[in-house]
Amino acid sequence: MSGAAALGAENVEIRSSLDGAAQPAVVDLPETGAPPAPFLCVAHANRVRVVNLVNIDAALLLNATATAAWTQLVVADCVASFCDGLNVDFESPVAANSPASRALTQLVQSTCDAMHRVNPL
């Protein structure tokens, strides 16, 4: 059993610098709720940043009320679970320079701004 599995994090993705630069690794957590506290403690003690993996339904991109509520929810969940940040994993196709493309860019920027207000790291 791996160290991650022993801590209840069997489905995490661990990424770090490929060039060996001194930087913390990043652990993406699947959208399954808060990570186990022991996992967070070990990760943070070893300078590993833990981020929530989040996604939004493409159909909501043009709804400003829905995207604002989504941003508030994912940032609040991140803070409540003691994670260090978010990884927006959006894989739905959107046309370049379309209203949906611009809305996605705005969503990521507003979510980034909201996250930095509560965790400036």
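What share of the contacts with a separation of 6 or more lies between residues 24 or more positions apart? In this predicted model, the share for the protein chain is 58%.

**View 1. The whole chain, by its elements.** The protein chain holds 4 helices and 4 strands. Read from the N terminus, the order is α-β-β-α-β-α-β-α. The chain has 121 residues, and 34% of them are buried.

**View 2. The accessible surface of the chain.** The surface of the protein chain amounts to about 7500 Å². Carbon and sulfur atoms supply 57% of that area.

**View 3. Helix α4 from end to end.** Helix α4 spans residues 99-118, 20 residues in total. From first C-alpha to last, α4 reaches 29 Å.

**View 4. The buried side of α4.** Eight names mark this side: Ala100, Ser101, Ala103, Leu104, Leu107, Thr111, Ala114 and Met115 are buried in α4. They lie on the same side of α4 because they cover an arc of only 160° around the axis.

View 5. Turned away from the buried side is another face of α4, which carries the exposed residues Thr105, Gln106 and Arg117.

Note on methods. Residues numbered from 1 in each chain as written. Predicted model: local features only at pLDDT ≥ 70, side-chain atom pairs only at ≥ 80, totals over all residues. Heavy atoms only, no water. Helix = DSSP H or I, 4+ residues; strand = E, 2+ residues; numbered from the N terminus. Expected span 1.5 Å × (residues − 1). Buried < 20%, exposed > 50% of the residue type's maximum accessible area, 1.4 Å probe, protein only. Arc of directions from axis to C-beta. Contact = heavy atoms within 4.5 Å. Areas by Shrake-Rupley, 256 points an atom, 1.4 Å probe, with all protein chains shown as cover.
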